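Colleague: Could you explain how the packing of helices is described in this model?

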Amino acid sequence: MRRRTFLAAAGTVLLGACSAPTTDRSTAPTARAPRSPAQSSPAAPSTPPASSAPPPPATAEELLARSTVPVLCFHQLREFRAGDSAYARTIITPPSVFRAQLQALRDGGRTPIGTAQLLDHLQFGAPLPDRPVLLTFDDGSATHHSVALPVLTELGFPAAFFPMTVVLGKPDWLSADQLRDLDRAGMTIGAHSWDHQRVDRLTGDQWATQLDRPRAELAGILGHPVDLLAYPHGVWSPEALPRVEAAGYRAAFQLADPQDPAFPLLTIRRIMPPPTWDGATLLARLDAAF
């Protein structure tokens with residue numbers, strides 16, 4: 001099992017590593033020629049114009065070659081507390097830092113995209129805007145609604161949110177109503193397991209609990225299917241990938257490891273920008289890595 005190493009927030013990037021309907025690729029009907037006045041018999045029924053077929057899905061090699069869009073991963077968005085561990089302080093982003101990082105993306109010419117855009121690009125080669133970036137949020141902190149959503153709405157940025165379902169409705173965690181708010185605002189909601197168990201350690205009935213159960217719970221809350229996954233701890237294993245695919249996930253996001261050559265869509269890499277990065281540092285890191 002390939003394991004990622006969490007590094008302290010000394011400016012070290014953690015490389016590594018969601019769904020919506022694909023874009024409409026149909027074409028407009030073709031105009032018919034006018035009927036000749038001399039024509040004595042009724043015109044034969046016209047044959048409906050054939051719509052252009054969507055391009056075939058990409059091969060694994062093509063998916064890997066297209067996997068150049070940086071995907072950012074955030075966790076809690078709040079001020080530090082006295083009891084926060086040194087590690088926690090690497091994944092907690094103060095609201096002022098979060099806003100500065102997103103404003104830097106905007107001012108630096110980065111274009112946040114939605115998960116549907118990214119996946120259509122990876123699978124079908126759909127074009128993307130210049131310098132795209134995808135924003136994601138793990139675990140289900142209530143700050144994703146109170147802090148992230150207002151900033152994303154103000155800047156017009158889409159994003160994807162991956163909550164654990166065991167915490168929904170509990171203090172300091174997202175509620176079902178807040179998830180629906182995010183969904184109505186145009187954000188993507190994906191699964192992050194039921195209670196944050198590493199998928200490389202699951203056995204027996206745990207697969208259904210950690211993969212099938214949260215997907216069904218989120219679909220029940222939102223009223224539509226959920227088919228994206230973010231791995232707890234960002235960790236996966238080659239043996240887990242067929243299980244993830246069989247559970248109905250279209251794509252899944254990890255952290256740190258190289259993408260699996262056979263399942264690149266289930267091992268999309270992400271970066272966790274630490275709170276020590278100001279806007280200029282974030283842009284420089286993205287430019288260097290992508």
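Predicted model: local features only at pLDDT ≥ 70, side-chain atom pairs only at ≥ 80, totals over all residues.

Colleague: Why are H3 and H5 called roughly parallel to each other?

Modeller: The axes of helix H3 (residues 95-107) and helix H5 (residues 143-155) cross at roughly 25 degrees. Angles under 35 degrees count as roughly parallel, and H3 and H5 are therefore described as roughly parallel to each other. Their axes come within 11 Å, and the crossing of H3 and H5 is right-handed.

Colleague: Which residues make the contact of H3 with H5?

Modeller: From H3 come Pro95, Phe98, Arg99, Leu102, Gln103 and Arg106, and from H5 come Val147, Ala148, Val151, Leu152, Glu154 and Leu155. By class, eight are nonpolar, one is polar and three are charged.

Colleague: What makes H3 oblique to H9?

Modeller: The axes of H3 and helix H9 (residues 279-289) cross at roughly 55 degrees. Roughly parallel requires an angle under 35 degrees, and roughly perpendicular requires 65 to 115. The angle of roughly 55 degrees therefore makes H3 oblique to H9. These axes come within 8 Å, and H3 passes H9 in a right-handed crossing.

Colleague: Which residues form the contact of H3 with H9, and how do they divide by class?

Modeller: Ala100, Gln101, Ala104 and Leu105 of H3 meet Gly279, Leu282, Leu283 and Leu286 of H9. Six of the residues in this contact are nonpolar, two are polar and none is charged.

Conventions. Residues numbered from 1 in each chain as written. Heavy atoms only, no water. Axes fitted to C-alpha atoms, helices over the stretch in contact; angles between N-to-C directions. Helix = DSSP H or I, 4+ residues; strand = E, 2+ residues; numbered from the N terminus. Parallel < 35°, antiparallel > 145°, perpendicular 65-115°, else oblique. Left-handed = near helix turned anticlockwise from the far one by under 90°. Contact = heavy atoms within 4.5 Å. Nonpolar A, V, L, I, M, F, W, Y, C, P; charged D, E, K, R; others polar.
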